[in-house]
Amino acid sequence: MEKIVIDGKHTLSGKITIGGAKNSTVALIPAALLADGVSTIKNVPNITDRDALFDIVKELDCEIVQKGKEIKIDTKNLTNKTISQELSVRLRASYYFMGVLLGKYKHVEIYFPGGCNIGQRPIDLHLKGFKAMGAKVTKNKHKYMLDAEELHGANINLTFASVGATINIMYAASLANGVTTINNAAKEVEIINVADYLNKMGAKVAGAGTSTIVIEGVKKLHGTDIEVIPDRIEAGTYILMGALLGDNLVVDGIIPEHNKALFDKLSEMGVKFTLGRRSVTINRCKNLKPVNVTTEVYPGFPTDLGQPMSVLLTQANGTCIMEETIFENRVGHYPYLQKMGANIELNGSVATIHGKSKLIGTDINATDLRGGSALILAGLIAEGTTTIRDIDYILRGYENIIHKLSSVGAKIRLEEI
Ligand code: EPZ
């Protein structure tokens, strides 16, 4: 077991290249099972969620060949069987096998998904969509069985623009009889990446990226290739580090529009940065203006950057309000920021942050993926040494973070516990 150790207050200078998006990757790998034959997925990030999905795909008797960031998945021996609880609970995205196997076989048995403890995270909208298409859902203890004589098109109104439900319904609808319309669909850019993949397989998905997605079901799908888009959340995390410690820090391999909400907030705070076609160069801002931030569905300020953003707000000259609206329990990092010296009042999911605070290095614990990245950010700007435990959360979604940060001057290392 390892911990992360950081000696704070070192300038970050040089170039960090962003990897493929976790939240695309964890949707694209299950989707490969919709196709007959071999699929190639490129720009796959080196994160542990990837490995958890590999284990599920192998458990379903598919072949996976990995060469660096490129993987080939062959479904010729795919067997539709229960995905074990041990593998289902290792990550949230195991729920994508529901839509995929229901779409392909009209039957699936799977356990409740895992994932970060940032709220109740029910899957009622996924199940409502499947039922509208004719599936019968039975549940015992933690296992779901979904069955359908026939899956048919449906008109589905999502009461919340859920990313997971939108993608899962797209999977089942791609092989259903007839046309399915998803109203109030989620608009996150990862959904466009998934729809492009489905359409390259021979599906008929229109409107991805808008709040109305129309899927005309087809009989079968064929193997193809797809590239994972850059990870806007990984990029946002390093951009925030650049706003605090950057000396011409270049964050490369990004699609700037995907981080527009973040760049708008940084401009409001007085942070200077230069956008390139696929990069941003950012410098430390010594006089951060206070702002209020509310997380929203895309294209609003992403909930996945809320926790790292709260650390930047501890360094603003004045009082900021950080409000989390997507998940009801995404505040686990605040007690550790307070332990480091931050002046924060927490009321439910609303944090009143009084800046500018001097942070002091100490022993802290990651509570979830993005909470963990916020604590790394805090350790990088803190006086002295910070030690972070429970780092598995962080390695689930940030590839080679120790190497990437060390390469631009951070004093950060892994140590055995
Ligand atoms: C995806 O989670 C991402 N995870 C999350 O990233 C991200 O925070 C979230 O979308 C929002 O952008 C993956 O892609 C694997 P939702 P998901 O369904 O699909 C409620 C990270 O750090 N809801 O859009 O679980 C739900 O409880 C992770 O990378 C229902 O009530 O998010 C939440 O409050 C964390 N019923 C809200 O909707 C449902 O059936 C948003 O959930 C589904 C969701």
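Asp225 is partly exposed, with a relative accessible area of 29%, where partly exposed lies between buried, under 20% relative accessible area, and exposed, over 50% (1.4 Å probe, protein chains only). This is a predicted model, in which local features need pLDDT of at least 70 and side-chain atom pairs count only at pLDDT 80 or more, while totals for chains, interfaces and linings use all residues. Residues are numbered from 1 along each chain as its sequence is written, and side-chain values use heavy atoms, with hydrogens and water left out.

- The whole structure holds 22 salt bridges, each being a side-chain nitrogen of Lys or Arg within 4 Å of a carboxyl oxygen of Asp or Glu.
- Asp225 pairs with Lys42 in a salt bridge of 3.5 Å, N to O.
- Asp225 belongs to strand β15 (residues 225-227) and Lys42 to strand β4 (residues 38-42), so this pair ties together parts 183 residues apart in sequence; strands are DSSP runs (E, at least two residues) and helices likewise (H or I, at least four), numbered from the N terminus.
- Glu399 and Lys69 form a salt bridge at 3.0 Å, N to O.
- Glu399 sits in the loop between α13 (392-395) and α14 (401-406) and Lys69 in the loop between β5 (63-67) and β6 (70-74), so the pair ties together parts 330 residues apart in sequence.
- Glu399 is buried at 4% relative accessibility, whereas Lys69 is partly exposed at 36%.

- Lys265 and Glu268 meet in a salt bridge of 3.1 Å, N to O, and both lie in helix α9 (residues 260-269), three residues apart, about one turn of the helix.
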